[in-house]
Amino acid sequence: MAGGGGGGGSGASPLGHAPPMWYHRDLSRAAAEELLARAGRDGSFLVRDSESVNGAYALCVLFQKHVHTYRILPDDEGFLAVQTSQGVQPKRFKTLPELVSLYLQPSQGLVTTLLYPVEREETAVSDDRDYSDGEDEKPPLPPRSSSTSTPPGPDTPTDSTPAANGLSTISHEYLKGSYALDLEAVKQGASSLPHLNKTLVASCKRLNGEVDKVLSGLEILSKVFDQQSAFMVSKMIQQVQSVNQGGDQELENLVTKLAILKDLLSSIEKKALKALQDMSLTSPCSPPPLHSMRHSKSIPVQAFEVKLDVYLAELTKIGKSQKYTLSVDVEGGRLVVMKKVKDNQEDWITYTHDKIRQLIKSQRVQNKLGIVFEKEKDKSQRKDFIFASAKKREAFCQLLQLMKNKHSNQDEPDMISIFIGTWNMGSVPAPKNVASWVLCRGLGKTLDEMTVTIPHDLYVFGSQENSVCDREWVESLRALLKEQTELDYKPIAVQTLWNIKLAVLVKPEHENRISHVGMSSVKTGIANTLGNKGAVGVSFMFNGTSFGFVNCHLTSGNEKIARRNQNYLDILRLLSLGDKQLSSFDISLRFTHLFWLGDLNYRLDMDIQEILNYINRKEFDPLLKVDQLNLEREKNKVFLRFAEEEISFPPTYRYERGSRDTYVWQKQKATGMRTNVPSWCDRILWKSYPETHIVCNSYGCTDDVVTSDHSPVFATFEVGVTSQFVSKKGLPKSSEQAYIEFESIEAIVKTASRTKFFIEFYSTCLEEFKKSYENDSQSSDNVNFLRVGWSNKQLTTLKPLLSEIEYLQDQHLLLTVKSLDGYESYGECVLALKSMIGSTAQQFHTYLSHRGEETGNIRGSMRVRVPSERMGTRERLYEWISVDKDETSGPKGKSAVVCRSGHEYVKPSVIRKPLGELGKVSEEGERNSKEETAARPKQDGSDSDPSISKNSYNNPAYYILEGVPNQSAAAVSPELLPSPTSANPQAAKPPPPSAGARSKPPGAASGPPHPRRQVRAISEESSSEDDGGACVVGAQGGGVGSTLNRPPPDFPPPPLPKGALEMVPEAPFTKPRSLYPDLAEVRIPAAGSAAHGDAFRRGGVGAGALDDQSCSVLQMAKTLSDSEFPGQPPRAPSAPPPLRGQPMGLGLDACRTFPPRNPITESIAEDMPEEALWGSSSSSLSVGESSVGEWLQRLGLERYEQGLLHNGWDDLEFLSDITEEDLEEAGVHDPAHKRILLESLRQQQQQK
């Protein structure tokens, strides 16, 4: 507990004899403000632990609807005092009750007298009882076997713990008792101290054994490298170890052993070096010793049967589609393309690994792959192949990536493969054969048989209810991996909390790339003191990339959703992992990649018989709609902005042991019949920094491991990593220094406080964290929100340690907004520097979160200036595979598809396409893969977020509406969204942006906004009828219109009061206005009829519970949205036929409003060739088109689109280089048409 340990004078507890009811322990700042807002009376107060200083407290007081916070700090003597202004003498108290009693009196220097204590809500003890999924009458005892965590962490209950304090305990016993006996003996003339000797012998008992082990190892090394003196060393060790152990002799032997150990350690390296030098002179080409040659199984040549993808026009020439065989020789670094010709003869071409330029995946056709081969004279050729299945295509790509990596001239890897497994073992030892778990065989999204045996770089095993001792468990995992891969994997960390275990093993070749290993655990069992439930975590650096892994076992029981949510938040806050400098950030922001696995215990809210019927029919979508974890994530209650791969396997709990055919969902207990419905309890989620590379290649469960009532779950990931960068040009001179410069930052924070704020900046590329000055603008028309801003003069310029672009494009910047009164964080975020590199400022826009909850949003303008002499970069291995750009356009007249997950970072396409076609991603796990062109991708900071879904941070109304079901919110306030595109494109034209405003399209990497189109989200009801201009916008899948993020149809929204329905305007918003208004123009509404700040209340609005106060909250949200977000006709969510309304969500365009008051007229094409320009007039395209298809349609030559796209001319940016010969190859044979096309391109080139 952060503040519970604060000291008091003379050793007294700072809380007095018993904690007073106004003391709320580790209550969060946001929750404290919420409680005070509910109290609603001036003078209401509470005390909580400080979030910024360990052992300190925060006194929170409500006055005139604002919350004022005072820090209570302990001094060196343990006395407590309220922090005062400089020069004011503080009043000191021994306990908190004494301090508070003073301020209950008037005129004591606070903003108001303390009048009404807000008491904490005590949790009933019965709610804490959680007995191992309800199957055991009492929680299991912690395992008897001691932990063998490697290396032991501060929270690890290792068997060395008693030894650490053993000398202290024995010494105390000697000083209390035996000391007097020795003193008496000395008085009588004794020359020895037998009792002290006995104490020392007992204390050093373990040391004796450890020294023997070390000496044995050094003896072996001395025999190898120093054979002349090895005999003498062995003889000395044997003599010392053969002496009878007892009394003085034992201590003397220990001292002798330590002397021998010292000599050996100081000389062994020199002797080994000399021996190896002699060996190299006598046999310079001799191979290394056999035991050091750690090679996995050689990968056999794999052959894939494919068909060449051709157009109908070409079929007339060749007669029919041609069959090919693609043979991948990973070890030899070759790809053989073999074509079958007449009379069973074969014609083949061999390409070495360096001649394969790029792999281009098709999104629309999941089994289609384009391969770009290098030909003579720097020319390339692309061929498209159709594989037997999408899984075969992925296997082929994986093998080619492996081949590229194996034969790369890079010393350090750009990409690694990670296996993650979670299994509740049910307190039963694992069977002998669990190979299907590590080979990802079973149900769901599995790997192809050609690639299952390829070893991963990292294996992470999370287990719950694992009764096997640590050492035995790790050795069994190593043996399993050895059997499957022929590699001796090294355990880098094992962390245990009772029967919850997390083991991380790494390939031997990567062992030296692992550093900064950390481990921790958190108990969330009964009263948060028992470890039968809780979490263990491991963190480390892999070269320059930070990883975190959390394995948890949360509260069981169908109805205990709130307890599970709280378990998650406690783990997020209390797990001590990662860089200690990042203590202001929860663990979800401390790592480049964080993986969260375990038995989360979330259940399905559906009748058991319906669940079983759906499972029997293998229809999982209806079940996923009522999955408690999905529903809680949708409400932003847990796992904010985490991602999870699509679930395509049956529920993994609760099976009959010994079988996978039957679910056992009832159990007779002493208290009655207990029901445990089949559920996806066992899950794997992840969260990664923006603009990083991560792809989930498999997610499933085994179907042949039957010892537990849970099935083991597996997932594999392809993850981009960075190396420890070493500058070839040395430290930058002043003229070569890169700079991170901010033009301005503005944030909307959910708070009732009116203090001043500053920003702290953290990054591994900075020598130390930096702080801004306090904000110089602040405004609010609503008690529950605060807009704060920093101009350029308030923001410090940051100087990175290195100035190379290759280094900077992999770096991230962490920001935390802190208050001046309590130095507590009001929100944190992460920005990628990659998108910000350039000579002109780039905009960023992202959400703020604190303690796992969304607390606001932040936007600004910044740039990363890199000197020209340090601009060199190289292609990463994961950039070698891209997504086919023609897939983002989609079929004409159709709206784009979104993927289902609403909480993941996805990199948008870096190509110029119509806005109506953004956000299209595949369903094969590619939504996380980059969609690059050959040029370097660029993204805006906001693309690092998940796509803007309902309850978006971009709309300040979210902070009022977050407790209201989304469908009802959409029905009441459709103005929260941009107006829809009409079915008639002519009628749907919005006015152009105002002269002073800059427009930036979603994704920041797409083309300029189409003036005929207005971005909006598509509801499920209207998506099929929308024209091509309508789209679902966002870099992240599933934001709006996805099944995961919409309440299931079985759960209608609660009835709305009449007053709420009357708020809906009868006509759409028609006033001419800029599509991107200035953020400063957005007025936060007054609280209106919400008395005493009750509008601040968060969601507790269930069905039928929308009272008058909630209605006033909706009115506030409507008013709040009128200025920034255009309105639209209302929609009744359940009334057919559907109207053009939308669920609560936002397109990215609606949020890119900051800062338009200083338009940048300078073209940024030099720095960002792929990005749209802010000013539409400076675009290289005509204002009407942003794709090849639209350009051809304008010219009336759309018939040539397929031919141009097929030949790789799918980006208008590069069409200016096309020649008549190229047009001929693309199927343009008419000379008049060639002239028209070339003349149009020439005119566009002149407009630049």
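## Overall make-up

The protein chain of this predicted model contains 24 helices and 36 strands, where helices (H or I, at least four residues) and strands (E, at least two) are DSSP runs numbered from the N terminus. Of its 1248 residues, 57% are buried, a word that here means under 20% relative accessible area, with exposed meaning over 50% and partly exposed lying in between (1.4 Å probe, protein chains only). Among contacts between residues at least 6 apart in sequence, 72% join residues at least 24 apart, a contact being heavy atoms within 4.5 Å.

Residues are numbered from 1 along each chain as its sequence is written, and side-chain values use heavy atoms, with hydrogens and water left out. As the model is predicted, local features need pLDDT of at least 70 and side-chain atom pairs count only at pLDDT 80 or more, whereas totals for chains, interfaces and linings use all residues.

## Confidence

The average pLDDT of the protein chain is 73, and 64% of the residues score at least 70; pLDDT is the predictor's confidence in each residue, from 0 to 100. Over residues 134-138 the pLDDT stays under 50, and the model has 14 contacts for them beyond four places in sequence. Residues 144-167 also have pLDDT below 50, and this stretch has 40 contacts in the model beyond near neighbours in sequence.

## Nonpolar cores

A nonpolar core is a set of buried Ala, Val, Leu, Ile, Met, Phe, Trp, Tyr and Cys residues joined through side-chain atoms within 4.5 Å. The largest one has 52 residues, and those with the most contacts inside it are Ile418, Ile420, Phe540, Phe547, Phe595 and Phe717. Helix α13 (residues 608-616) gives the most to this core, contributing five residues. Leaving aside residues up to four places away in sequence, Phe595 touches a set of residues including Ile418, Ile420, Phe547, Leu685, Trp686 and Phe717. A second, separate core has 35 residues, among them Ile745, Met836, Leu848 and Ile858.

## Helix α12

Helix α12 (residues 561-574) has 14 residues and reaches 20 Å from its first C-alpha to its last, close to the 20 Å expected at 1.5 Å a residue, the expected span being 1.5 Å times one less than the number of residues. Ten of its 14 residues are buried, so α12 is largely enclosed by the rest of the structure. The buried residues include Ile561, Arg563, Arg564, Tyr568 and Asp570, and the buried residues of α12 pack against elements including β18 (514-523), β19 (534-542), α15 (628-634) and β35 (853-865).

## Aromatic rings and charges

Rings of Phe, Tyr and Trp (its six-membered ring) pair if their centres lie within 6.5 Å, with planes under 30 degrees apart counted as stacked, over 60 as edge-to-face and the rest as tilted. By this rule there are 33 aromatic pairs. Phe387 and Phe396 form a tilted pair, because their ring centres are 5.2 Å apart and their planes lie at 50°; Phe387 is buried at 3% relative accessible area, and Phe396 is buried at 0%. Tyr762 and Phe769, by contrast, are stacked, because their centres are 5.0 Å apart and their planes lie at 15°; Tyr762 is buried at 6%, while Phe769 is partly exposed at 36%. Ring pairs also link Phe419, Trp423, Trp437, Tyr459, Phe461 and Tyr489 into a cluster.

A charge sits over a ring if NZ of Lys or CZ of Arg is within 6 Å of the ring centre and within 35 degrees of the ring normal. The charged end of Arg92 sits over the ring of Phe79, 4.5 Å from its centre, and Arg641 lies over the face of Tyr847, at 4.3 Å from the ring centre.
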